Amino acid sequence: MNKGDYTVLIADDDPDYLFQTVKALERAGYRVDAVASQAEAEAYIAQHKPDIAIFDLMMENDDSGFILCYKLKKRYPDVPVIIATGVARETGFIFSLDTRNEKEWIKADSYLEKGVRPEQLDNEIMKLLNL
Amino acid sequence: MAVLKILVVDDEPGIRSGVARILKNFKVTYPFMDEDYEFEVFEAATGEEGISMIEKDQPDIILLDNKLPGMQGVDVLEYIRNNNLNIVVVMITSYASLDVAVKATHSGATDFIPKPFTPQELKSSIENITKQLYLKRITHRLNEEGKKVRYQFLSVLSHELKAPLNAIEGYLIMMKEKQLGDRIDDYAMPIERSLRRIQGMRTLIMDLLDFTKVRLQRREDRIQPVDLAEVAADSIATVRPYAIQKEVEINLVKKSDATVMADPGDMAIIFNNLVSNAVKYNVVGGKVEITLDSTDDEVIAMFSDTGIGIRPEDMGNLFTEFVRIKRDEIKDVTGSGLGLSIVKKVIDLYKGTINVESETGKGSIFTVRLPKNKN
């Protein structure tokens, strides 16, 4: 299988970040489905199974990303999830997935700061999809 | 009414009951304190008993006799120091052992009372300690709160400023790498979006400037009679281009003279924000009505719109800094999330009130009441 056989679901309420990330992922070769809110993402998940998902942390709710993570994993336990956020460093809301405790309550597989370069995002996706 | 716990450790029952009696109805008040302090007295006859009561009752102040049957006063003092307990210790000591008391103050005791003492001596010592404790607590609390508020503000602010920068940088990189094609026209959308994000950032910075200005204080030298009808007319003129674009009609209704003693700049902040919100969150073809009225002591300004309204769950956070309500209908509306918090602060400065009634899908009415005289 090559990258074009994988569908990436991305949810983000910043239209510019969404547009740019969609372009970056398409250029990397993936099929991309984009949604602009937690509600849209939930509707998407109810209908389709993506191969990997990237969720913005703060959308309608401060913890939209976590909620989506939980719902996605409940339905499709095998789909990897990346949480992307720009809030961590500024708000002192720091978390990683390094300890077992954190892995237990944050259902995400990976966590990325917004503003990462497209190659980094691509690398992360390939790692999670075992490409 | 606040209560401080005092533990008396002394082997003489007379001293213990004396202290309890003297402090029973004693109150410490001072003009700068927001509440009076009263005292609750616990008694221990030995050092050992004292230590177990320290653990159990967590006293704020200990009156400690040095000469005790078993363990000595200095040992209790050492226990307190070794366990880093936040307790004020006053040594009770006979004149004969004043040197011991002085030594004790070196190892952590705050004060000493020579025995026998008069009720007045005990009271004045306790009074001093209470003020000291109060100031310590209040400073600690202010420091903590100040730090927290400042930190929260700066962190959210840096996030709000960083998001547009990220977006614009992303678009510039796309152009640099010619990701969307070779012609400038291929980049119409990224350019448009970048300009929009820059505009949003400028609004934020302007609002921040307002915000810092308001935080300081009312400028007494600028207070003058201000006719709110003129302020309203200025605000309407400022928003008109945008209103025309959205086909929103704005009316000013003057029921009575609405002149208030105020800084004209402050009044402009209130009106500019509320009028522009009424247009911004309106529907195409909607209406905005500003009504000015007054009673004997206050002026009333009502801003009503036929916009999207405010959902009940969003009401609570309306005046909180950086809170922007997220709804599909207003995805494209730019704002800093500061406007209403600034308006609220200005109104507070004038000891006025702001009140909101709203129905989702029908519109909102913001009612501002300001006292006519500056006080």
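**View 1. Burial along helix 1 of chain A.** In this predicted model, the buried residues of helix 1 of chain A are Asp16(A), Tyr17(A), Gln20(A), Thr21(A), Ala24(A) and Leu25(A); a residue is buried if 20 or more other C-beta atoms, placed from the backbone, lie within 10 Å of its own. Seen down the helix axis, these buried residues fall within an arc of 155° and so line one face of helix 1 of chain A, the arc being that of the directions from the helix axis to the C-beta atoms. Helices (H or I, at least four residues) and strands (E, at least two) are DSSP runs numbered from the N terminus. Helix 1 of chain A comprises 14 residues (15-28), which at 1.5 Å a residue should span 20 Å, and its end C-alpha atoms are 20 Å apart, which agrees; the expected span is 1.5 Å times one less than the number of residues. Just after this helix, Gly29(A) takes a positive phi of about 110°.

Residues are numbered from 1 along each chain as its sequence is written, while chains are lettered from A and ligands numbered from 1 in the order in which they are written. Local features need pLDDT of at least 70, side-chain atom pairs count only at pLDDT 80 or more, and totals for chains, interfaces and linings use all residues.

**View 2. The open parallel sheet of chain B.** Five strands are arranged in the order 2-1-3-4-5 with parallel pairing, two strands being paired if DSSP finds at least two bridges between them. Strand 2 (37-44) and strand 5 (111-115) of chain B are the edge strands, each pairing on one side only. From one strand to the next, the twist averages 20°; axes are lines fitted to C-alpha atoms, for helices over the stretch in contact, and angles run from 0 to 180 degrees between N-to-C directions. Strand 4 (residues 88-94) of chain B is joined to strand 5 by five bridges, and Met91(B) stands opposite Phe112(B) in strand 5.

**View 3. Helices lying across strands of chain B.** Helix 1 (residues 13-24) of chain B lies across strands 1 (2-9), 2, 3 (61-65) and 4 of chain B, running at about 165° to strand 2. Helix 2 (residues 47-57) of chain B lies across strand 1 and strand 2, at about 160° to strand 1. Residues are in contact if their C-beta atoms, placed from the backbone, lie within 7 Å.

**View 4. Antiparallel pairing around strand 12 of chain B.** Strand 12 (residues 363-371) of chain B pairs with strand 10 (residues 298-305) over seven bridges, and Phe303(B) has Phe366(B) as its bridge partner. Strand 11 (residues 353-359) of chain B also pairs with strand 12 over seven bridges, with Ser358(B) opposite Ser364(B). In the hairpin of strands 11 and 12, which has three residues between the strands, Gly361(B) takes a positive phi near 85°.

Methods:
Contact = placed C-beta atoms within 7 Å. Buried ≥ 20, exposed ≤ 12 C-beta atoms within 10 Å, placed from the backbone.
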